[in-house]
Amino acid sequence: MPINLHHAEIMLSAVSKTQYPQDDLPEIALAGRSNVGKSSFINTLLNRKNLARTSSKPGKTQQLNFYNIDNQLRFVDVPGYGYAKVSKAERAKWGKMIEEYLTNRENLRAVVSLVDMRHEPTADDIQMYAFLKYYEIPVIIVATKADKVPRGKWNKQESIIKKKLGFEAEDHFIVFSSISKAGLQEAWDKILQVTGLED
Ligand SMILES: Nc1nc2c(ncn2[C@@H]2O[C@H](COP(=O)(O)OP(=O)(O)OP(=O)(O)O)[C@@H](O)[C@H]2O)c(=O)[nH]1
Ligand SMILES: [Mg+2]
C-alpha cells in the first residue's frame, strides 16, 4: 500500500519510555549534532515546510518527537548533540534519554545519522556511529547540506567522512540536501526497504 504523505502529523513527544507509542509500527530515528538538519530532513521527506520544527537556534528539539506517517511508520526526531551551551546535568539527562530509546526500542528499524557534508565528522559524530554499531542498529549515514558543497567535491567529502567514521559497507551512505532535494528518492527507497514497506 503506498504511503500517503499528506497523512503525517506529530503524534507525541516523550522523555522516557513509559510515554512512547505502544504499538508495533516501524520507527526510523534521526540522530546528529544540533543544527545539522534533522528536522529539515523530516520536513523534506514529508514535503512539508514546518511539520518538524526547525530553527537557526541550535538545541531547540528537547524531547523525542514521534511523527506518525499514514499509520505505517514513524520518524523519531531526537534532540541534537554537541551543543556547547548545555549544562553537564542537561547533557547527562540527554544521554540517558537517547540511550534508553536506542537500546531498548523494538520498533526501531534504523537510525538515520546525519553529518554535515562540508566538514569532517566531529568526535560526537564518530562516537554516535560507534555506539550504533556496538548495539547492532542499522545505520543510514546522511551527509547533508550538499547544496553547500560543489559537485566536484562530493566524492572526496564522502571518502573523508567514511574514513573518519570507520564506515562499514553493510550500512548505507546518502548525499542529501533539504534545499536542492538531492538524495530524496534514495532516502525514501532505503527507509521503505529497512521498514519492510517497499512493494
Ligand atoms: N543549506 C542548507 N541548510 C540546511 C539544510 N538542512 C538544514 N539546513 C538549515 O540548518 C539549520 C538547522 O536545521 P534543523 O533542521 O533545525 O536542524 P536540527 O538538526 O533539527 O537541529 P536541532 O533540533 O537543534 O538539533 C536551519 O537553518 C536549516 O534551514 C540543507 O540541506 N542545506
Ligand atoms: Mg530539530
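Tutor: We can go from the overall fold to single residues. Keep in mind that this is a predicted model.

Student: How many helices and strands does the protein chain have?

Tutor: There are five helices and seven strands. From the N terminus, their order is β-β-α-β-β-α-β-α-β-α-β-α.

Student: And how compact is the protein chain?

Tutor: Its radius of gyration is 16 Å, close to the 16 Å given by the globule rule for 199 residues, so the chain is as compact as a globular protein of that length. The C-alpha trace spans about 45 × 45 × 30 Å along its principal axes.

Student: What about β6 and β7, how do they pair?

Tutor: Strand β6, residues 139-144, pairs with β7 in the parallel sense, over four bridges. Between them the chain passes through helix α4, residues 154-165, in a right-handed β-α-β crossover. Ala143 stands opposite Val175 in β7.

Student: Which way do the residues of β7 point?

Tutor: His172 and Ile174 point one way, Phe173 and Val175 the other, and all are buried.

Student: Now the core. Which residues have the most contacts inside the largest one?

Tutor: Leu30, Val112, Val142, Ala143 and Phe176, in a nonpolar core of 43 residues.

Student: What does Val112 touch, leaving aside its neighbours within four places in sequence?

Tutor: Val112 is in contact with Ile28, Leu30, Phe41, Ile140 and Val142.

How values were computed
Residues numbered from 1 in each chain as written. Chains lettered and ligands numbered in written order. Predicted model: local features only at pLDDT ≥ 70, side-chain atom pairs only at ≥ 80, totals over all residues. Core = buried A, V, L, I, M, F, W, Y, C linked by C-beta atoms within 7 Å. Buried ≥ 20, exposed ≤ 12 C-beta atoms within 10 Å, placed from the backbone. Contact = placed C-beta atoms within 7 Å. Helix = DSSP H or I, 4+ residues; strand = E, 2+ residues; numbered from the N terminus. Pairing = 2+ DSSP bridges. Right-handed = clockwise from strand over helix to strand, strands pointing away. Rg over C-alpha atoms; globule rule 2.2 N^0.38 Å.
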